[in-house]
Amino acid sequence: MSVMTGFAILVGEAMIGFWKKIYAINFGIYGATMVGKTTLSNQLRTRGEVPQINERTVGLHRASRKTVKIDGDSHTVKSADVGGEAIYWKEWVKDMQGRKVKYVIFMIDHRHLDNPSNLDHQVAWKFLVDTIVASRWPTGRKKKEKDYPMAVGIWANKYDIWGEKHPLAEGLTMDKHEIFEPFKYGMRQLNDKGIPCFKYIVSAKSEPEMVYKGITSMIKDY
């Protein structure tokens, strides 16, 4: 390899690295209240153990940039903290439409496993899926190709809490865990629309590597 070729490769790699730093990839993080959305947002800003959060998020907060770096790979992402109660679901739509979110993370926890009559996640998931696959925004404006996300992740949070209580059945891989079962129909709707789904298990509060790996995997794989 000539000196000029080697120099061109180095310059190219430097330009790619610079582009990753200045270009922020829009992520939308949604889910029922108290599922861990704010914790995930804090983890993306501060690597390590994050404090316990007991207050519910109100409304839609301004989106902020975060740098995700793992195994030498670095990306700049942008996400906004938003409330999970039903009165704030319209803010999810506002966030998706306004920022043209490229990757959606829908966070769940184990409440539907502990109490089968608890439908917090399922109702919120149906609203989100219906919004994503619709051909028009609630405002009536027809969606363009760039208005659809490149992928939707279903992140089962708080694994450090429910992992032992609800172990994986023998012989199954983690993506087959029963915690994802109620969301299969919505995933099929998204797949039919050409939007892939990414099932992931995470402990956003205590395992930053899991968070960073999940974000990077979505960017790389989709």
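# Reading a sheet, its cores and its salt bridges

Guide: Start with strand β6 (residues 197-201), which is mostly covered, four of its five residues being buried. Buried means under 20% relative accessible area, exposed over 50%, and partly exposed in between (1.4 Å probe, protein chains only). The model is predicted: local features need pLDDT of at least 70, side-chain atom pairs count only at pLDDT 80 or more, and totals for chains, interfaces and linings use all residues. Residues are numbered from 1 along each chain as its sequence is written, and side-chain values use heavy atoms, with hydrogens and water left out.

Visitor: How many helices and strands does the chain have?

Guide: Helices (H or I, at least four residues) and strands (E, at least two) are DSSP runs, numbered from the N terminus. This chain has eight helices and six strands. Their pattern along the sequence is α-β-α-β-β-α-β-α-α-β-α-α-β-α.

Visitor: In what order do the six strands form the sheet?

Guide: Strands of a sheet pair through backbone hydrogen bonds, either parallel or antiparallel. Two strands count as paired if DSSP finds at least two bridges between them. Here the sheet is open, with mixed pairing and the order β2-β3-β1-β4-β5-β6. β2 (64-70) and β6 are the edge strands, each pairing on one side only. On average, neighbouring strands are turned by 30° against each other, direction ignored.

Visitor: Which strand is joined to β6, and by how many bridges?

Guide: Five bridges join β6 to β5 (residues 151-156), and the two run parallel. Within this pair, V152 stands opposite C197. β1 (residues 24-31) and β4 also run parallel and are joined by five bridges; G31 has M107 in β4 as its bridge partner.

Visitor: Which strands does helix α2 touch?

Guide: α2 (residues 37-45) packs on the sheet and touches β1, β2, β3 (73-79), β4 and β5; its direction makes about 65° with that of β2. Axes are lines fitted to C-alpha atoms, for helices over the stretch in contact, and angles run from 0 to 180 degrees between N-to-C directions. α3 lies across β1, β3 and β4, at about 165° to β1.

Visitor: Which residues have the most contacts inside the largest nonpolar core?

Guide: In soluble globular proteins, nonpolar side chains tend to be buried together. A nonpolar core is a set of buried Ala, Val, Leu, Ile, Met, Phe, Trp, Tyr and Cys residues joined through side-chain atoms within 4.5 Å. The largest core has 31 residues, and W125, L128 and L190 have the most contacts inside it. Elements that give two or more residues to this core include α3 (89-99), α5 (120-133) and α7 (184-192); α5 gives the most, with six. Beyond its neighbours within four places in sequence, L190 is in contact (heavy atoms within 4.5 Å) with residues including W125, V152 and C197. A second, separate core has 23 residues, among them V35, L44, A151 and V211.

Visitor: Which residues are linked with D109 in a network of salt bridges?

Guide: Side chains of opposite charge can pair when their charged atoms come close. A salt bridge is a side-chain nitrogen of Lys or Arg within 4 Å of a carboxyl oxygen of Asp or Glu. The network links D109, R111, D120 and K158. The closest N and O atoms are 2.9 Å apart for R111 and D109, and 3.0 Å apart for D109 and K158. D109, in the loop between β4 and α4 (111-114), and K158, in the loop between β5 and α6 (159-162), are 49 residues apart.

Visitor: Is D109 buried or exposed?

Guide: D109 counts as buried because its relative accessibility is 3%. R111, at 15%, also counts as buried.
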